[in-house]
Number of protein chains: 2
Amino acid sequence: MSFGPVRGSTTGRPIMVLFDILGKRWSLRILWELRQGPLTFRALRDACDGVSPTVLNTRLKALRDLGLVDLGPNGYLRTADGEDLGERLADLDRWANSWAERTATDGATGN
Amino acid sequence: MSFGPVRGSTTGRPIMVLFDILGKRWSLRILWELRQGPLTFRALRDACDGVSPTVLNTRLKALRDLGLVDLGPNGYLRTADGEDLGERLADLDRWANSWAERTATDGATGN
DNA sequence: CTTGACGCTACAAATTCCGTAGCTAACATG
DNA sequence: CATGTTAGCTACGGAATTTGTAGCGTCAAG
């Protein structure tokens, strides 16, 4: 497996590779929805607010090429690396929750 | 400040708000490039591979609405929340580096 | 043979993104 | 005042991406 040239990034810095895929619509969401085990293509589609199969398949291909997602007998699932990345997303989720509380409080005090 | 209805997400879960903005091209990158202090609009543009001002301004507006970025006397900078989120991105960066090493090694072992 | 679920593809329309050019305002120099 | 520079930001047309709907081929159950 190798990182080819990535849109707008000739440096090959890993974080840029990540930004490139995660910066596309539904990528983060797909990784997120796979957090509790495998989902079939259609179940994943439903979980992602009915994202079009075109985009879902495109993302899934990219995610598989990067070794973050794989297709098993029970549907799509995250690889070990994907799980690892998923934990960073869980961190993001925890942060987002406290951020929302903080933001709500800000708003109440006079927006 | 308040979260309006977000594209494709009626739940209002904070993580979805985050996915919505971060899932747009250049959002992650902008937050990332602001990690070492304020940058002017044009400096930020240069840092982001010359992203078009149209998109940069749109992202900056969204990021400001969410209270993650602010415009100070020396240019754009991350707010306290933005810095906080930035740390999660730094985690992502660290993970991406080890991931890249792992991935390179995988390729070498013939898997 | 029909039904249903599976992964996935085709294709046109809608949306978003892009690059280039240029605007207004502020500040410094002369 | 005239000039030059830098700032943030907008207009606009063309390119690229995303979307929605329909349907394909395969497989297992009834």
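Predicted model: local features only at pLDDT ≥ 70, side-chain atom pairs only at ≥ 80, totals over all residues.
**Surface near DNA strand C**

Around DNA strand C there are 19 residues, and those that come nearest are Thr40(A), Phe41(A), Pro53(A), Ser52(B) and Val55(B). Two or more residues of this surface are given by each of α3 (41-47) of chain A, α4 (53-65) of chain A and α4 (53-65) of chain B. Of these elements, α4(A) supplies the largest share of the surface near DNA strand C, namely 4 residues.

**Surface near DNA strand D**

DNA strand D is surrounded by 17 residues, of which Ser52(A), Thr54(A), Thr40(B), Phe41(B) and Pro53(B) are the closest. Here the elements that give two or more residues are α4 of chain A and, from chain B, α3 (41-47) and α4. The element that gives the most to the surface near DNA strand D is α4(B), with 4 residues.

The composition of each surface is set out below.

**Strand pairing in chain A**

In chain A, strand β1 (residues 69-72) and strand β2 (residues 75-78) run antiparallel and are joined by 4 bridges. Together β1(A) and β2(A) form a hairpin, with 2 residues lying between them, and within this pairing Leu71(A) stands opposite Tyr76(A) of β2(A).

Definitions and conventions
Residues numbered from 1 in each chain as written. Chains lettered and ligands numbered in written order. Pairing = 2+ DSSP bridges. Near = placed C-beta within 6 Å.
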